Amino acid sequence: MRPVRSLTVLYDAQCPLCVHLRNWLLAQRRLVPLALVPAASFEARRRFPRLDHEATLREITVVSDQGAVYTGTHAFIMCLWALAEHRPRARWLATPAGMPFARATMLAAAKVRESTTRCDDRCAVPG
């Protein structure tokens, strides 16, 4: 199995929280290159024609250079894993002990997103 050499993060460019997090990711020192691409955009559809692009608008999606697709909590962890300062935290969040904290963070982000974005059901808090 080859190591991950780059990640593409698909984010909702119409969501203020998502754009803020995109900018934050770009400002961090990265161990793995990140390409940040608006979800459901022409570029996203060109790069990943088999993805459900409507689903990428509902939750963060990360695709590795090897084609692995991570969504939701796992995508969040992969973003942290790519960052020099946050990789140890990402490794812990991926453990059974850390996963509840990662899920809670994603639920909190979804609530903030819901309260700051005018949208339809695409940014509803997961059940």
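**View 1. Helices α4 and α6 are roughly perpendicular to each other in this predicted model.** The axes of the two helices, lines fitted to C-alpha atoms over the stretch in contact, come within 9 Å and cross at roughly 100°; angles run from 0 to 180 degrees between N-to-C directions, and 65 to 115 counts as roughly perpendicular. Helices are DSSP runs (H or I, at least four residues), strands likewise (E, at least two), numbered from the N terminus. G72, T73, H74, F76 and I77 of α4 meet M99, A102, R103, T105 and M106 of α6, contact meaning heavy atoms within 4.5 Å. By class, this contact of α4 with α6 has 5 nonpolar, 4 polar and 1 charged residues (Ala, Val, Leu, Ile, Met, Phe, Trp, Tyr, Cys and Pro count as nonpolar, Asp, Glu, Lys and Arg as charged, and the others, Gly among them, as polar).

**View 2. Helix α4 (residues 72-81) is largely enclosed by the rest of the structure, because 9 of its 10 residues are buried.** Buried means under 20% relative accessible area (1.4 Å probe, protein chains only). Among the buried residues are F76, M78 and W81. The elements packed against the buried residues of α4 include β1 (7-11), α1 (16-27) and α5 (87-93).

**View 3. D12 lies in the loop between β1 and α1.** With 3% relative accessibility, D12 counts as buried. A polar atom of the D12 side chain lies 2.9 Å from the backbone nitrogen of Q14.

**Notes.** Residues are numbered from 1 along each chain as its sequence is written. Local features need pLDDT of at least 70 and side-chain atom pairs count only at pLDDT 80 or more, while totals for chains, interfaces and linings use all residues, and side-chain values use heavy atoms, with hydrogens and water left out.

Technical notes. Buried means under 20% relative accessible area, exposed over 50%, partly exposed in between (1.4 Å probe, protein chains only). A polar contact is a pair of N or O atoms within 3.5 Å; within protein, one must be able to donate a hydrogen and the other to accept it, and residues adjacent in sequence count only if both atoms are side-chain atoms. Angles under 35 degrees count as roughly parallel, over 145 as roughly antiparallel, 65 to 115 as roughly perpendicular and the rest as oblique.
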